[in-house]
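Here's a quick briefing on a single protein chain. Have a look at the fold first, then we'll go through the aromatic pairs.

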Amino acid sequence: MKTLVYNLPCVNDYVADRIKGNDRFLPTDPSIGMLKDGKLIGGVVFNQYTGTGISMHVAGEKGWLNREFLRAAFRYPFDQLGCRRVTGLVRTDNLEAQRFDEHLGFKREGLIREGDDDGCDLILYGMLRRECRWINI
């Protein structure tokens, strides 16, 4: 059985450990995790909240996502915080993450040249509230 958990520092560490680079999240950065039979199998961490937007970082095992998680992950920034946009950064060498973001409804907005710790370029993805199909289902 899958269960959502909220704001556990272990979710922040889980996501950071699975993102290539030196990303670390504060224990106070909001997060949502997915447990299966008591084991953490995926999560999202939010940071860099500006009042109108927030950054989203996602990681998980194959097949871990479900609609309940996606609704929670997008309702938090758009409904609870009132954000107009959510931003994500994906390495240009991570084709699976690019497909994932685009499947969720994110739009490519630009390229941050040599933006990651090791000099890899980053693709800037964004989703506006009105584009999000996950908050109205």
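Is Phe-46 buried or exposed? Phe-46 is buried, at a relative accessible area of 0% (buried is under 20%, exposed over 50%, partly exposed in between, with a 1.4 Å probe and protein chains only). This is a predicted model, where local features need pLDDT of at least 70, side-chain atom pairs count only at pLDDT 80 or more, and totals for chains, interfaces and linings use all residues. Residues are numbered from 1 along each chain as its sequence is written, and side-chain values use heavy atoms, leaving out hydrogens and water.

**Overall fold**
- The protein chain has three helices and seven strands (DSSP runs: H or I of at least four residues, E of at least two, numbered from the N terminus).
- From the N terminus, the order is β-α-β-β-β-α-β-α-β-β.
- Of the 137 residues, 42% count as buried.

**Aromatic pairs**
- A search of the whole structure turns up four aromatic pairs (Phe, Tyr or six-membered Trp rings with centres within 6.5 Å; planes under 30 degrees apart are stacked, over 60 edge-to-face, the rest tilted).
- Phe-46 and Tyr-76 make a tilted pair, 4.9 Å centre to centre with 50° between the planes.
- Phe-46 sits in strand β3 (residues 39-47) and Tyr-76 in helix α2 (residues 67-80), so this pair ties together parts 30 residues apart in sequence.
- Tyr-76 counts as buried too, at 17% relative accessibility.
- Trp-64 and Phe-69 are edge-to-face, because their ring centres are 4.6 Å apart and their planes at 70°.
- Trp-64 is buried at 6%, and Phe-69 is buried at 2%.
- Phe-74, Phe-78 and Phe-106 form one aromatic cluster.
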